[in-house]
Amino acid sequence: MTRREFLKVSAVGLAMSAAPSQRLSLNDRLTCAFIGVGGRGTYLLDTALDNLPEVDVVAVCDINPEKLKNAVQLVEQKRGKKPDAIGGGGEKDNFAYRKILERKDIDTLVIATPCNWHYPMYADAIKAGKHFYGEKPMCISVKEAGEIVALARRNPKVVIEIGYQWCANPRFQESIAAVKRGEIGELIEGRSAWDNAWGPLRGWFSHRKESGDWMVEQACHAWNIYYLLLGETPIRAFAIGRRDIYARDEPRRDVTDFYATVIEWRNFWLTFVHTWGVPQGFGWGGLWVLGTQGACEISSGRLLYKDKPERRVGYDVNDTLELLRDFFDCVRTGKKPLSSVENGRASVLIGLLVRLAVDRRGIATWKELTGTAR
């Protein structure tokens, strides 16, 4: 879908502007529709059905008829009642989700569609006054990121949770808090890798125009954590990469299946490697930060010190469930979500900065990407 096509359809379809739901008590039930029930969407649906009995799933939506049928059966099996099935007609039903936005009996949405659909769906949901949990990344372009944030600010009563589940993970939360307290001294650098020994993923993931490429679709999780830790966006990035590794198997594939980057913040540098080409058991992974007095592996809650024994913080949870729970609690109480459009914007833009540097096989700056000096 081109931007022109989207705007043309939007001119007709976005007359709707329902007021957002009033705040509810913790005992009130919520109605919810799931839009996009592929792999991730079905996992979110299954998690909610098993663990959030106070949330009634009244509708599911997908353009794929088989996925839609499976989602309906899953809800009926676990809740004893069929939800409404919206869509199922392939690409002609690309905008079938708007039928859900028009309904007064639906309080909340959970959206898990291909990345290029995040912006139009999230923008439509905000304009319709629908609270939503939307999968990461928030969008795949600089302009889209700015527009989503602007829409959210103009509609502050709409609860928006961007699906960075690590934000709800105590290991990440307590690690970040310890580093911010200065437990490892002044920060110097970060070291991280995302070594995928499974895949590579195919289908829409193979195409940059649909996924945004791996530094946007997948590595956005890492950018989000470093942004939350440092509290600011970077200055520039240097990067190199390859897009030809799996081209023999899939000639139209144009995503970067290996890249390495160094990202510069003010007095902090992050070295990051991302690849799909490793065997099981290979790789050093993790999200590390090093300071003058120690180091922290944020992803495991491990703190190392120069002058005392290491310690662990946090504990294991199903962080996807906890972020979903946070979303529904925010709808009821009006509290601020753990993962908002602000960090959603920052993580997308960092990914786009790295992507620009990869394309150049050189340096890209924040100012030239965004037009602002951070």
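D249 counts as exposed, at 59% relative accessibility (exposed is over 50% relative accessible area, buried under 20%, partly exposed in between, with a 1.4 Å probe and protein chains only). This is a predicted model, in which local features need pLDDT of at least 70 and side-chain atom pairs count only at pLDDT 80 or more, while totals for chains, interfaces and linings use all residues. Residues are numbered from 1 along each chain as its sequence is written, and side-chain values use heavy atoms, with hydrogens and water left out.

**The nine-strand sheet**

- Nine strands build an open sheet with mixed pairing. Their order is β14-β13-β12-β11-β7-β10-β9-β8-β15. Strands (E, at least two residues) and helices (H or I, at least four) are DSSP runs, numbered from the N terminus.
- The edges are β14 (311-312) and β15 (363-365). Each has a single partner strand, so one side of each lacks a neighbour in the sheet. Pairing here requires at least two DSSP bridges between two strands.
- Strands β12 (residues 294-297) and β13 (residues 302-305) run antiparallel and are joined by four bridges. Within this pair, G294 sits opposite Y305 of β13.
- Helix α12 (residues 341-360) packs on the sheet and touches β8, β9 (258-265) and β15. The directions of α12 and β8 make an angle of about 60 degrees. Axes are lines fitted to C-alpha atoms, for helices over the stretch in contact, and angles run from 0 to 180 degrees between N-to-C directions.

**L303 in strand β13**

- L303 belongs to strand β13. Its relative accessible area is 0%, so L303 counts as buried.
- Beyond neighbours within four places in sequence, L303 is in contact with A178, E183, I184, A295, C296, E310, R311 and V313. Contact means heavy atoms within 4.5 Å.
- V289 is 14 residues from L303 along the chain, and their C-alpha atoms are 9.8 Å apart.

**The six-strand sheet**

- A six-strand open sheet has parallel pairing and the order β3-β2-β1-β4-β5-β6.
- At the edges stand β3 (84-87) and β6 (160-163), each with a single partner strand, so one side of each has no neighbour in the sheet.
- On average, neighbouring strands of this sheet are turned by 20 degrees against each other, direction ignored.
- Four bridges pair β5 (residues 131-135) with β6 in the parallel sense. E135 has G163 in β6 as its bridge partner.

**Salt bridges**

- The whole structure holds 30 salt bridges. Each is a side-chain nitrogen of Lys or Arg within 4 Å of a carboxyl oxygen of Asp or Glu.
- E342 and R153 form one at 3.2 Å, N to O. The pair links E342 in helix α12 with R153 in helix α6 (residues 142-154), 189 residues apart. E342 is partly exposed at 32% relative accessibility, whereas R153 is exposed at 58%.
- D249 and R202 meet at 3.9 Å, N to O. D249 is in the loop between β8 and β9, and R202 is in the loop between β7 (187-195) and α8 (208-211), 47 residues apart. R202 is partly exposed, at 35%.
- R202 and D249 also belong to a salt-bridge network with E250, R253 and D257.
- R208 pairs with D359, with the closest N and O atoms 2.9 Å apart. This bridge links helix α8, which holds R208, to helix α12, which holds D359, across 151 residues. R208 is buried at 15% relative accessible area; D359 is partly exposed at 38%.

**Surface features**

- F238, I240, V262, W269 and I363 make a nonpolar surface patch of about 410 Å². Patch residues have over 30% relative accessible area and no salt bridge; like charges are joined within 9 Å, and nonpolar side chains (Val, Leu, Ile, Met, Phe, Trp, Tyr) within 5 Å. Accessible areas come from the Shrake-Rupley method with a 1.4 Å probe, and for residues only the protein chains shown count as cover.
- I240 is in strand β8 (residues 236-242). At 32% relative accessibility, I240 is partly exposed.
- Y315 sits in the loop between β14 and α11 (319-333). Y315 is partly exposed, at 49% relative accessibility.
- Leaving out residues up to four places away in sequence, Y315 touches N169, P170, R171 and E174. The C-alpha atoms of Y315 and N169 are 8.0 Å apart, although 146 residues separate the two along the chain.
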